[in-house]
Amino acid sequence: MILSSPVVVGRDHEQSLLDAALACARRGEGRAVFLLGEAGLGKSRLAEECAHRAGAAGMAVLRGRSSATGAPVPFRPIAESLFSLFRAGGPPKEPSLAPYRSALAGLVPEWRDAAPPGASPSILEIAEAFIRLLASVAHDPADHRAAGCLLVVEDLHDADAETLSVIEYLVDNVGGLPVLLLATLRPEAGPAAELVRSVGRRRSATLAELRPLDRSAVRELTERCLAAESGRLPEPLIEKLARDSDGNPFVIEELLSGMADSGALCHRADGEWQVSDDLDIDIPLTVVHSVAQRVDRLGPGGRELLYAAAVQGRRFALPVVKLVTGLDDRSLLVHLRAGVEAQLVSPSGPMADQYEFRHALTIEALLAGLLPVERADLARRAADAVEQAYPGLPGDWRQQVALLRLAAGQPMAAALLFAEAGRTALGSGALGSAVALLERAHELTAVCDPADPSHAAERTAVLESLVHALAESGRLDRALALGGSLPISSPGALDDARSAALHTRLAWAAVFAGRLAEAAAQAALVRGLLGRFDGSAHTPAVDIVEAHLILGGHGAVQGDRRAEAERLARYAAERAEQAGLPEVACQAWQLLALLERRHGFDRADACLERIRALASRHRLPTWRVDALIRLGGNEFIRSGSSAGIERAHRAALDLGSLGLMHATEAAMAAQAVQRGEYQQAHDLTERCREATARLGSVETHQFVLVTRAALAAHQGRRREMEQELAEFRRWDGDESLHPPLVHGNCQAICALLEENHDRALVELDNAWRWEEQNPTVFYLNGRYGLRPLLRALAGLSGPEELASITAEHAAGLRWNRQFERLAHAVHEGRAGRPDAALRAFEQAQEAARPFLMARHLGLRLVAGAALEDGWGDPVSWLRTAENHFHAAEVPAVAGACRKLIRRAGASVPQRRAGSAAVPAELRRQGLTGREYEVFQLVAHRYGNQDIARRLHISPRTVEKHVASILAKTGQPHRTALSDYAAEAADRHRTTDSDSPVG
């Protein structure tokens, strides 16, 4: 007799918690809940009940379980959860998911055509794609509202490293989505428990630890199992169950079933339950005894089937069971159906031939009844059967057979299988699983007879693969240590070619980790090996390493470091192409494309076109898109056109590479800032700021942050700029290549829009000094345009200095040329050559045409010199600039323009009383036009003296205006008024369609 409760008992608190979490998810307030508890305490029952309630509420439900084989299977529960959702209707066709399909192609068979050849998405790209998919399926297309989504992941303690990374990513980012993550696990020591405790400590998730049932809950569960009325069961039965089950619901149900089968518990004719005097059965053998009784009732064939299944783990495959037992199809199905009816096993997953045991304790109970020699024999036969049933061991079969070989007493065979599984995981980008599998293989080879020369080569091959995996995963210290321990001359040692390849990989890892001393040591080791064999296929890669080392200032180099790095990179590119190493060649041409910029962007583009040709010929789509992005960036720098970067963006979307997509959007945003298209720049950076932070794309995220700082700076918003720069520094931005951009394109521009020309020149000098000390491949930081103009205006330079700058090709880049030509105009006007000055000015205007704000800033900067030296039409220029900066809400520059117009004796635009300029919200509070001008400057926390200077009124008048504004707005003091004014400015920018926003 099988006795089980039809409802969950004793878990009211946990059920309330889950009900609340489901309600939050349906409102778009995502949650993550972890259920911890020992086997049998009811985690799966609670998860099943939660899934039932979610489905009844119209939520999408995805369910997956981690592999219980003991060997990691990358993304197993994630893939299974997707199968559980898509089994009926297939994957969603939502267009917004198109960029993410290739990242999930390894998990969703229907999307595998979207995966470019050879592309291996990172774990974070997979996690981001998965969370986007969850958000998509949570949307109810019938009523366009978020119906919600429940993701259930069971047995998280068995999860692979990649799945744990995805789970952590979900926990950290599910908050604003209509998604509930529910995961179950045992509280045993391991990575999963560490993760759960960590997210619990930082309050990113809710932890519910299931405790054993108390006596009253044991009583209620027993009554439910026996369908008995409350209070009518014999007290000795409750006493026995409470004592011997230790409050474990599964054990209670097994005890009851065993008692009923043995006759110790019987149902009388009057409907009452009666117990015998002898209820004593030893614990923990009780469960083993109960399971054994149920198995015995299935007969010899059923018993053999379950033993053959149990040795495979929680899940088992019918083809393997058939081969191990020798049962024919009909007998196999008969015995399987009996096992299902006995509630020992149930169907599992999307495959019809996959089944699983209903509870982990059932497997333990079955295997406990076998002698060690019986288990070993069954494991060997099962391993042979899997290899016969699944040739090539696809999917996770290799790990399963490895465990079976280990249980069968064949450690070297198991080690080789683990190693092959590790190499497969490494090739697919599952670095955590690759390392875990190869570490397991390495441990097993160590226990095999070290004196046996037949295993020496296998041991070395495993260690070699482990070093590669450690280097790929960033565990450089251990990779270097194990790399140094590889045998050199003993049997099984790596030959020189394999050793050179291994140490070249370690050198690359050290370069990217910024550990140039280790990189140099590894490169020197490779150089020593190359002289002992034909190393033509290895030389290019180590040449590129050394080019990066030289550029980074490592090693003694006479002369220009960039020139020597360029020489090595060019040699590497040519040799790599000759040796048929397209990816190495692309690495070399990429470095050359940056270095060649100093000779001209046409030469840089030629390098990038070489990458495109190689990528097309050898089917390297990631390199093709990377080249398109860089070509688009070069096109903008030369001409101001964004057509190329937009084409690159479409290509990145088609490829589905999140990293390239975000890099492209960051470049597009930077270009939009320079064009003065601030809303587009805001939207682009807002879209990829959080994603790049979540993905840990440090370099791209740094660029996004500095672009957002430039976006604020180009609108004269110092407070916003400083906030973005503070975040930029928190991401170690000062250690990046961007400090000149911070000084020249952020701080200097913002100072100019505050009419602080001295501070702007200091910032441009800071950018110049940084570039003098660091070889740079970027040229728009002021050195070749804005700095020469300010120095000319300040009388700090003459025509000779400008001529030396103009001779550099970088001065001809369109952003630089607009300022360089203005500097030339200043010198010509000062020398008494008005016609030449005007020609230079007109050339500057042509160059500045794509750059809205910069063009008007140039008018304001050069007008003063033109007035003083008597050339051009400075009053007309100032009126144009004043009109732009007044509309753009940059009062300092607008005021300076009016001041210069007044000095020229011309009429000044009146901007005071017009109430139309005052937002409706402030007009209702009674602010006048002049008070609104003061109010805008208060938002920037200027003092009375600064406001007076900018508005050309007295400090006493400013004081009166501030007092009036405080009274009208109801603010208690100046600080509160500044905060209120800043918030009002933000609201005005987002609601007034006539104002530039960003």
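In the predicted model, three strands form an open sheet in the order β10-β12-β11, and their pairing is antiparallel. The edges are held by β10 (315-317) and β11 (345-347); each has a single partner strand, so one side of each is left without a neighbour in the sheet. On average, and with direction ignored, neighbouring strands of this sheet are turned by 35° against each other. Three bridges join β10 to strand β12 (residues 354-357) in the antiparallel sense. Phe-316 has Tyr-355 of β12 as its bridge partner.

Two helices accompany the sheet. Helix α12 (residues 318-325) packs on the sheet and touches β10 and β12; the direction of α12 makes about 65° with that of β10. Helix α13 (residues 329-341) lies across β10, β11 and β12, and runs at about 105° to β11.

The largest nonpolar core comprises 117 residues, of which Leu-306, Phe-316, Phe-357 and Phe-418 touch the most other members. The most residues in this core, nine, come from helix α25 (residues 582-595). When residues up to four places away in sequence are not counted, Phe-418 touches Ala-71, Gln-399, Ala-402, Leu-403, Leu-437, Arg-440, Ala-441 and Leu-444. Another core, of 74 residues, lies apart from the largest one and includes Ala-672, Leu-761, Ile-805 and Phe-841.

Aromatic pairs in the structure number 12. In one of them, the ring centres of Phe-601 and Tyr-779 are 6.4 Å apart and the ring planes stand at 75°, so the pair is edge-to-face. Phe-601 belongs to helix α26 (residues 601-618), while Tyr-779 is in the loop between α34 (757-773) and α35 (786-793). The pair thus links distant parts of the chain, 178 residues apart. Phe-601 and Tyr-779 are both buried.

The rings of Phe-841 and Trp-877 are arranged otherwise: with centres 3.9 Å apart and planes at 15°, the pair is stacked. Because Phe-841 lies in helix α38 (residues 834-847) and Trp-877 in helix α40 (residues 874-887), the pair ties together parts that are 36 residues apart in sequence. Phe-841 has a relative accessible area of 6% and is therefore buried. Trp-877 is also buried, with a relative accessible area of 9%.

Other ring contacts were also found. One aromatic cluster is formed by Phe-636, Trp-815, Phe-819 and Phe-851.

Conventions: Residues are numbered from 1 along each chain as its sequence is written. This is a predicted model: local features need pLDDT of at least 70, side-chain atom pairs count only at pLDDT 80 or more; totals for chains, interfaces and linings use all residues. Side-chain values use heavy atoms; hydrogens and water are left out. Two strands pair if DSSP finds at least two bridges between them. Helices (H or I, at least four residues) and strands (E, at least two) are DSSP runs, numbered from the N terminus. Axes are lines fitted to C-alpha atoms, for helices over the stretch in contact, and angles run from 0 to 180 degrees between N-to-C directions. Contact means heavy atoms within 4.5 Å. A nonpolar core is a set of buried Ala, Val, Leu, Ile, Met, Phe, Trp, Tyr and Cys residues joined through side-chain atoms within 4.5 Å. Buried means under 20% relative accessible area, exposed over 50%, partly exposed in between (1.4 Å probe, protein chains only). Rings of Phe, Tyr and Trp (its six-membered ring) pair if their centres lie within 6.5 Å; planes under 30 degrees apart count as stacked, over 60 as edge-to-face and the rest as tilted.
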